[in-house]
Amino acid sequence: MEECISVFDMLKIGVGPSSSHTLGPWRAAERFLEELKDESILDETARVKVDLYGSLSLTGKGHATDLAVMLGLSGQDPEYIPVEDIAGIIKNIETKNEIILGNHSTIPFYFLQDIVFNKDFLPFHANGLKFTAYKADNSEYESTFYSIGGGFVVKEERTTAKIKEEIKCAFPFPIQNAVELLDYTVTENKLISEIVYENEKSMRSEAEIHSELMRIWNTMLECMYIGCHSEGILPGGLNVRRRAFDMHQNLIGLSNYNSPQTWLEEIRKTEVKFRQILKWVSCFALAVNEVNASLGRVVTAPTNGSAGVIPAVLMYYLVIENHDAGEKEIKQFLMVAGEIGSIFKKGSTISAAMGGCQAEIGVSSSMAAAALCELMGGTPAQVLMAAEIAMEHHLGLTCDPIGGLVQIPCIERNTMGAIKAINAAELALETDSKNAKVPLDKVINTMWQTAKDMNSKYKETSEGGLAIAVNMADC
């Protein structure tokens, strides 16, 4: 039985700025609390310490890893917490030197001492963190987690047969690679989105699939809306000025709207020329990742750092390509994107700490290209070709954020990934898939080999590239 990854695993709602460095550690803290409850230790816990390792330590401050851990230990849920409450919760912990563990009991917590940044790497994965609970009798309970990208969190024991069995399911069409997916579309005479839908129905009702996919899209739409209507400087010390606001004002002028949906309708009325299209797509992507950089709510797609690509490309389709498109096309797009992302996760990685930015922007561009290609009438083979083209031209892309912040070059990079996705979809639509020279599975394998060969300083450590060529003082 194959490992089954749902669309809702690949597209998660959470808080920025990073899925692997913020959402993952947050979820790890939640799982640690569950372990304390299961072991009947929560009520006896007198103190908690958190050790961050590897990339989580090296760029943890810039990615708000320490804040995420504190929020997780406090029992807050990243999917539903009002983002305006975050600053107040953190301030209380830091000023009172205490934390309400699991929103249950108050214990001392000195964040400068109880969150330890260890630069050494644990052998299992670059993003490791260890929680230690101390009881009043000085006995300890330890648990180590690994944030493997896209908000996914595992323990090393996952490699055992028992744990593996727990993360598997019984999709009617289990998919490990692109060849298997294409074979299903041929034998079943279905589109990729239709194969994915059948798999999702084995886990959820049709009504739940519909409501959750639309909740994901509405979160994306609201994120773009907020980003396009927010001015100012992003937090973190780089003094990066938000650009989506000014770009949006120049594009839309004095249009009249009062909600994300009416905003979308107004954009459909704007002038459509090549330069305007480039600007709109870039504006949408910038907006999302500026929200992400300010600890706003985004959808990992498949990560927070690459969260702007898929919404930007889907919005492009809705406001430029097909003004009649609605919920049907939105769901179709998200299901194809999610499936392509899951194939990359199984065959390579979606963690920049393991594979550089090719694992984030590259994968998101590939996901978006495939989804757009199907909406534009591409065959399943052309859809997979679009995914391959997009990744082929992201191979070797490094992750070297300045100051460890998901800002430079990360925010702009989403605009590039979105434009490449549209280009890749158009190239695939104009190509006979029988003439394709590079199968998607081969480029996924190449990406993984490239990731393994890449110097560690280009894997989200801020120890190479732009991260050292341009320092905080330059900004």
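Let's start with helix H4, residues 65-73. Of its 9 residues, 8 are buried, which leaves the helix mostly covered. Buried here means under 20% relative accessible area, with exposed over 50% and partly exposed in between (1.4 Å probe, protein chains only). Helices are DSSP runs of H or I with at least four residues, strands are E runs of at least two, and both are numbered from the N terminus. The buried set in H4 is Thr65, Asp66, Ala68, Val69, Met70, Leu71, Gly72 and Leu73. After H4 comes Gly75, with a positive phi near 90 degrees.

A word on the model. It is predicted: local features need pLDDT of at least 70, side-chain atom pairs count only at pLDDT 80 or more, and totals for chains, interfaces and linings use all residues. Residues are numbered from 1 along each chain as its sequence is written, and side-chain values use heavy atoms, with hydrogens and water left out.

Now the rings. How many aromatic pairs does the structure hold? There are 9. Rings of Phe, Tyr and Trp (its six-membered ring) pair if their centres lie within 6.5 Å; planes under 30 degrees apart are stacked, over 60 edge-to-face, the rest tilted. Take Phe32 and Tyr141: a stacked pair, 6.3 Å centre to centre, 25 degrees between planes. This pair links distant parts of the chain, with Phe32 in helix H2 (residues 19-38) and Tyr141 in strand E7 (residues 140-149), 109 residues apart. Phe32 is buried, at 0% relative accessible area.

Next, Trp280 and Phe284. Why is this pair stacked? Because the ring centres are 5.4 Å apart and the planes sit at 25 degrees. Both residues are in helix H13 (residues 274-293), 4 residues apart, so about one helical turn separates them. Trp280 is buried at 1%. Phe284 is buried too, at 0%. Trp280 and Phe284 belong to one aromatic cluster with Tyr225, Tyr257 and Trp263.

Charges over rings next. The cut-off: NZ of Lys or CZ of Arg within 6 Å of the ring centre and within 35 degrees of the ring normal. Lys155 puts its charged end over Phe145, 4.9 Å from the ring centre.

Last, helix packing. H14 (residues 309-321) packs on H17 (residues 361-375) at about 20 degrees, axes 9 Å apart. So H14 is roughly parallel to H17, a label for angles under 35 degrees. Contact means heavy atoms within 4.5 Å. Residues of H14 in contact include Val309, Ile310 and Tyr317; among their H17 counterparts are Ile361, Met367 and Leu375.

Key: Axes are lines fitted to C-alpha atoms, for helices over the stretch in contact, and angles run from 0 to 180 degrees between N-to-C directions. Angles under 35 degrees count as roughly parallel, over 145 as roughly antiparallel, 65 to 115 as roughly perpendicular and the rest as oblique.
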